[in-house]
Amino acid sequence: MVILGIDPGLAHTGWGVVETRGSVCRARAYGCVATSAREPIDLRLGRIYRELRDVIERYGPTELAIESIYFGENTKSAIATAQARGAAIVACSTAGLTVGEYTPMQIKQAVVGTGAADKRQVIYMVRTILALDHEPRPDHAADALAAAVCHANVTRTKSLGEARRVLT
């Protein structure tokens, strides 16, 4: 299975592509779509859409793992993130990817073992799980890879549960 993980953001949308074979999960590629606050919103969202479509065409994922939005105290930031997230989902939807949405806490729990993990712990575990010889940068790309790993874990767990039901 090939999974595209996305950490949405208007200024920086991280992406990471992982491939799973059984219980082994390896990174194929990762990066970040950056947009400038000086650009109009339509151009920024268009860039996110186009660059993610290019990633999808190049790496052929069939699944999407995207981080849901955290609505904290900064509503303006949450709205901008929601717009970027929408552009990303449309790019993936038009390519026929199956969508999995995860909260930041779910992603941290799946990758580190605790939903209270900090950014350094997530980066360390992403590097370890994917057997990378370096820390994935920027942080947005590492978060996207973490979302993809989370999706791989959830999908594998569901498959095992379904297999058990068939056997009993």
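**Exercise 1.** Work out whether Glu-67 is buried or exposed.

*Solution.* Glu-67 has a relative accessibility of 17%, so it counts as buried; buried means under 20% relative accessible area, exposed over 50%, and partly exposed in between (1.4 Å probe, protein chains only). Mind that this is a predicted model, where local features need pLDDT of at least 70, side-chain atom pairs count only at pLDDT 80 or more, and totals for chains, interfaces and linings use all residues. Residues are numbered from 1 along each chain as its sequence is written, and side-chain values use heavy atoms, with hydrogens and water left out.

**Exercise 2.** Find which strand holds Glu-67, and say what UniProt places there.

*Solution.* Glu-67 sits in strand S4 (residues 63-67); strands (E, at least two residues) and helices (H or I, at least four) are DSSP runs, numbered from the N terminus. The unreviewed UniProt entry puts a "binding site" at Glu-67; such positions use the numbering used here, feature names are shortened, and annotations may be inferred rather than shown by experiment.

**Exercise 3.** Explain why Asp-7 and His-140 gather at one spot.

*Solution.* UniProt's unreviewed entry also gives "binding site" at Asp-7 and His-140. They span 134 residues in sequence, but no two of their C-alpha atoms are more than 6.0 Å apart, so they gather at one spot. Next, Asp-7 belongs to strand S1 (residues 2-7), while His-140 belongs to helix H5 (residues 139-167). Asp-7 is buried at 6% relative accessible area, whereas His-140 is partly exposed at 28%.
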